[in-house]
Amino acid sequence: MSRPLVISDCDEVLLHMVAPFKQWLEDSQGVNFRLEGNNFAEAMRWQKTGEVLGKQDVWNFLGSFFDTEMHRQGPIAGAVEGINALAEHADVVILTNLADSYNAMRAEQLAGHGVHARVFTNHGPKGPALKAIVDEYAPSRAVFIDDLSQHHRSVAELVPHVRRLHLCGEPLLAPHISCAHKAGDAHARIDTWDEALPWLLAAITKEPQDA
């Protein structure tokens with residue numbers, strides 16, 4: 001009999017990303033990062049002029065961060081313990097929106113924090129990639145964890161039977177992002193692992209109407 005399956009995002013679910021990215025930009029790259037609303041690109045301004053960075057500059061800094069600064073990323077409170085507790089009851093995989101060239105780096109990064117899981121890299125909406133993962137594993141139950149509403153919407157459209165938890169463990173970001181639960185695309189919104197773990201355990205061990 002197949003096991004349950006947990007498909008989890010990484011950045012802002014398991015590891016902080018925005019906070020160390022902000023610190024790196026401001027300390028060494030001549031860029032201020034101040035998020036107002038949920039427009040990530042407009043949060044970045046040159047320190048000398050106050051001008052918003054161009055789109056290509058934003059992508060260049062993101063690429064540089066993941067090329068050389070992933071060591072700055074620390075775990076979200078309770079995430080390592082939580083995901084490993086789930087791994088006692090389910091298969092756990094990571095679905096992260098990074099280029100395929102970062103796959104091994106991400107797996108090594110997570111292993112360094114005590115999370116040993118298969119990593120899938122992706123570009124764009126996560127629904128198609130998640131459907132392929134579910135088709136491969138054919139789990140008895142499945143749950144998806146992500147911090148961005150658009151990915152929950154994509155999964156809801158393509159794999160509606162997968163339970164979906166909107167979790168953003170980064171306080172700099174959580175108040176500003178659209179809520180997938182309010183939009184009807186996630187089954188719950190919980191931003192701390194202490195509160196999320198009981199919900200997730202129920203989602204992989206109980207029938208959907210009881211979870």
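This is a predicted model: local features need pLDDT of at least 70, side-chain atom pairs count only at pLDDT 80 or more; totals for chains, interfaces and linings use all residues.

User: Ok, which residues touch the most other members of the largest nonpolar core?

Analyst: They are V6, L14, L165, W193 and L200, in a core of 31 residues. A nonpolar core here is a set of buried Ala, Val, Leu, Ile, Met, Phe, Trp, Tyr and Cys residues joined through side-chain atoms within 4.5 Å, where buried means under 20% relative accessible area, exposed over 50% and partly exposed in between, using a 1.4 Å probe and protein chains only.

User: And which helix gives the largest share of this core?

Analyst: That is α7, with seven residues; helices (H or I, at least four residues) and strands (E, at least two) are DSSP runs numbered from the N terminus. Another core, of 23 residues, lies apart from it and includes W24 and L35.

User: What is W193 in contact with?

Analyst: Leaving aside neighbours within four places in sequence, the contacts of W193 (heavy atoms within 4.5 Å) include V13, L14, I83, L167 and L200.

User: Switching to α5, which of its residues are buried?

Analyst: In α5, which spans residues 127–137, the buried residues are G127, A129, L130, I133 and V134. They lie on the same side of α5 because they cover an arc of only 160° around the axis, the arc being that of the directions from the helix axis to the C-beta atoms. These buried residues pack against β1, β4, β5, β6 and α6.

User: How many salt bridges does the structure hold?

Analyst: There are nine, a salt bridge being a side-chain nitrogen of Lys or Arg within 4 Å of a carboxyl oxygen of Asp or Glu. In one of them R106 pairs with D11, with the closest N and O atoms 3.0 Å apart, and this pair links helix α4 to the loop between β1 and α1, 95 residues apart.

User: Are R106 and D11 buried or exposed?

Analyst: R106 counts as buried because its relative accessibility is 0%, and D11 also counts as buried, at 12%.

User: What about R3?

Analyst: R3 forms a salt bridge with D91 at 3.2 Å between the closest N and O atoms, and R3 counts as partly exposed, at 36% relative accessibility.

Key: Residues are numbered from 1 along each chain as its sequence is written. Side-chain values use heavy atoms; hydrogens and water are left out.
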